[in-house]
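Take a look at the model below. Then read on for a short tour of its fold and its charged pairs.

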Amino acid sequence: MAIFDKYDGFGRLKSIQVMGKAELIEPFSDKYNEHAKIKKIPIEALKKMESPLNLICVTPVKMDVLFSDFKKEGYSSRQILE
């Protein structure tokens, strides 16, 4: 499932690109089970799947943000956080 807004022109930019270190969480580990609980996904339903649902944890190193509304506050619409 993709979550996005349709493109409405440069005056309405809203995006973020996250770069970082990705870690695949071992299925049915404590961390995996805790995230399933947060998302209200029953562990038993996950165990019945033909292949396990992957959980990828990304620790951000750099984020590029484009947000047109920053200009209203006097900032550049592009911000970089490292």
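This report covers the overall fold, then the salt bridges, then one lysine.

## Overall fold

This is a predicted model. The protein chain has 2 helices and 3 strands. Along the sequence, they come in the pattern β-α-α-β-β.

The protein chain has 82 residues, and 12% of them are buried. Its accessible surface is about 7,300 Å². Carbon and sulfur atoms supply 57% of that surface. Now take the contacts with a separation of 6 or more: 54% of them join residues 24 or more positions apart.

## Salt bridges

Side chains of opposite charge can pair when their charged atoms come close. The structure holds 3 salt bridges.

One of them pairs Arg78 with Asp64, at 3.2 Å from N to O. Arg78 sits in strand β3 (residues 78–81) and Asp64 in strand β2 (residues 55–67), so this pair ties together parts 14 residues apart in sequence. Asp64 is buried, with a relative accessible area of 12%. Arg78 is partly exposed, at 47%.

Lys72 forms a salt bridge with Asp69, and their closest N and O atoms are 3.2 Å apart. Lys72 is exposed, at 67% relative accessible area. Asp69 is partly exposed, at 29%. Lys31 and Glu23 also meet through their side chains, at 3.9 Å from N to O. Lys31 is partly exposed at 37% relative accessibility, and Glu23 is partly exposed at 41%.

## A lysine in helix α2

Lys47 belongs to helix α2 (residues 43–47). Its relative accessibility is 49%, so Lys47 counts as partly exposed. Exposed would require over 50%. Lys47 and Phe28 are 19 residues apart in sequence, and their C-alpha atoms are 8.4 Å apart in space.

Terms used
Residues numbered from 1 in each chain as written. Predicted model: local features only at pLDDT ≥ 70, side-chain atom pairs only at ≥ 80, totals over all residues. Heavy atoms only, no water. Helix = DSSP H or I, 4+ residues; strand = E, 2+ residues; numbered from the N terminus. Buried < 20%, exposed > 50% of the residue type's maximum accessible area, 1.4 Å probe, protein only. Contact = heavy atoms within 4.5 Å. Areas by Shrake-Rupley, 256 points an atom, 1.4 Å probe, with all protein chains shown as cover. Salt bridge = Lys/Arg side-chain N within 4 Å of Asp/Glu carboxyl O.
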